[in-house]
Amino acid sequence: MRVLFGVVAGLSVIGNMLLCIVMIRRRAMLGKTYNILIFNLAVADMLTGFFLFITPRYVLPQETFPRLYGNSAEAFCRVVFSTYFLFCFGKASNATVMCLAIDRWYSIIKPIKYKIAFGKRRLLGYIALIWATSAVTECLGLFITKAENGRCAWTEPPYGDSAYKVFILVHVIVTFYIPSVVTWGSFIHILSNLSRNKLNRQNNDVRTKKRLVRMCALAAFFLTICWFPTETFFVLKKFNVLTLPDVWYWIFNLLGMFNSCINPWLYCLSNRHYRREFARIVPFVQTWDLRRVSWQPSHANLKTDVNGLDTSLEIVNLGMSQKDVAI
């Protein structure tokens, strides 16, 4: 399990870091509101991978960490060992995907109100609210661990077991189930609206929006699939409805963390703009992209000088060199 968590953490850090580098290099991409939200999602997922490495029991056992005493020990146990940060970033990802769904809903269903609802200042406010809400709703994890003899140990919360169960139930409903319902309700409404709009079905702008919605919907699909088991079975265990062997909860945890390394490759595979930018810094993406291109050119643009001689040849969407074309 530690090896699998290590692989997930490495892929998450590398993939999301590449996505952040792509957007920072192409500042124009951050002019789009949905790209800013995708950047925020990549930061949350990258931090998830980083904290998988430094949270005991996931990639490294607790014995490999040095013993801590005093305030530093209490801070480490309550904030890191308790998985406060790990699940805080997971909640931030879920809330960001919900915000992304609402952004797409406004851009297609309410285009006139879109610039007002998702202006730059409001968007930054939404992102700040996402992180603040995620940090506050995960505060339960700060009271279930303590430091003993330089190591971290689990303890009963000071507010009692009954209150803890209620807090857990409300927490999961507010941070996972409600955002998931809002996200899927938005995407279903968008797709049904685009499908009914027969007059504009051939419009390039509509087709572009539809592809973008599908990409975002895929991200929401994988997030829901990955986080549903760990959230649901955790609540069932706390209420003594269904208790599984411990290995299953580690598998569900692994599945939830696996979501953090999916999105960069999902964007790369499903969107040619992201794929083109990835190809600039990752050579194998460019090779893979060329193999996908048909051998027939979409069009050739011949430029001639004043003497009637061909001076340049531009081949678009062609996976061959100019030498092969000339031959």
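**Basis of the entries.** I worked from a predicted model, in which local features need pLDDT of at least 70 and side-chain atom pairs count only at pLDDT 80 or more, while totals for chains, interfaces and linings use all residues. Residues are numbered from 1 along each chain as its sequence is written, and side-chain values use heavy atoms, with hydrogens and water left out.

**Overall.** I noted 13 helices and 4 strands in the protein. Of its 327 residues, 42% count as buried; buried means under 20% relative accessible area, exposed over 50%, and partly exposed in between (1.4 Å probe, protein chains only). I then turned to contacts, defined as heavy atoms within 4.5 Å. Among contacts with a separation of 6 or more, 69% join residues 24 or more positions apart.

**Backbone entries.** I returned to Arg 57, which has a positive phi of about 85° although it is not a glycine. Arg 57 is partly exposed, at a relative accessible area of 26%. I also recorded a positive phi of about 55° for Asn 149, again not a glycine. Asn 149 sits in the loop between strand 1 (145-148) and strand 2 (151-154), and it counts as exposed at 65% relative accessibility.

**Helix 2.** I checked the span of helix 2, whose 22 residues reach 32 Å from first C-alpha to last, close to the 32 Å expected at 1.5 Å a residue. The expected span is 1.5 Å times one less than the number of residues.

Is Thr 96 buried or exposed? I found Thr 96 buried, with a relative accessible area of 1%, and placed it in helix 4. Leaving aside residues up to four places away in sequence, Thr 96 touches Leu 37, Asn 40, Leu 41 and Ile 130. Lys 115, in helix 5 (residues 111-117), is exposed, with a relative accessible area of 73%. I noted 9.7 Å between the C-alpha atoms of Lys 115 and Thr 33, which are 82 residues apart along the chain.

**Nonpolar cores.** I took a nonpolar core to be a set of buried Ala, Val, Leu, Ile, Met, Phe, Trp, Tyr and Cys residues joined through side-chain atoms within 4.5 Å. The largest core has 60 residues, of which Leu 19, Ile 38, Leu 52, Phe 187, Met 257, Tyr 267 and Tyr 274 touch the most other members. Helix 4 supplies the largest share of this core, 11 residues. For Tyr 274 I listed contacts beyond four places in sequence, among them Leu 19, Met 23, Ile 38, Met 215 and Tyr 267. A second, separate core of 6 residues includes Ile 144, Tyr 164, Ile 168 and Val 172.

**Cavities.** On a 1 Å grid over the protein atoms alone, a cavity is a set of points where a 1.4 Å probe fits but cannot get out, and a pocket is an open set with protein on both sides within 12 Å along at least five of seven lines; lining residues have an atom within 4 Å of a point. Grid points are joined across faces, edges and corners, and a volume is the space filled by probe spheres set on the points. I counted 3 cavities of 30 Å³ or more.

The largest cavity holds about 50 Å³. Its lining includes Asp 45, Phe 89, Gly 90, Trp 227 and Met 257, and helix 4 gives the largest share, 3 residues.

The second largest cavity holds about 40 Å³ and is lined by Phe 87, Gly 90, Lys 91, Asn 94, Phe 176, Trp 227 and Glu 231. Helix 4 gives the most to this lining, with 4 residues.

**Second largest pocket.** I recorded a volume of about 910 Å³ for the second largest pocket. Of its 30 lining residues, Thr 83, Trp 154, Tyr 164, Phe 234 and Lys 238 lie nearest its centre. Helix 4, helix 7 (161-196), helix 8 and helix 9 each supply at least two lining residues.
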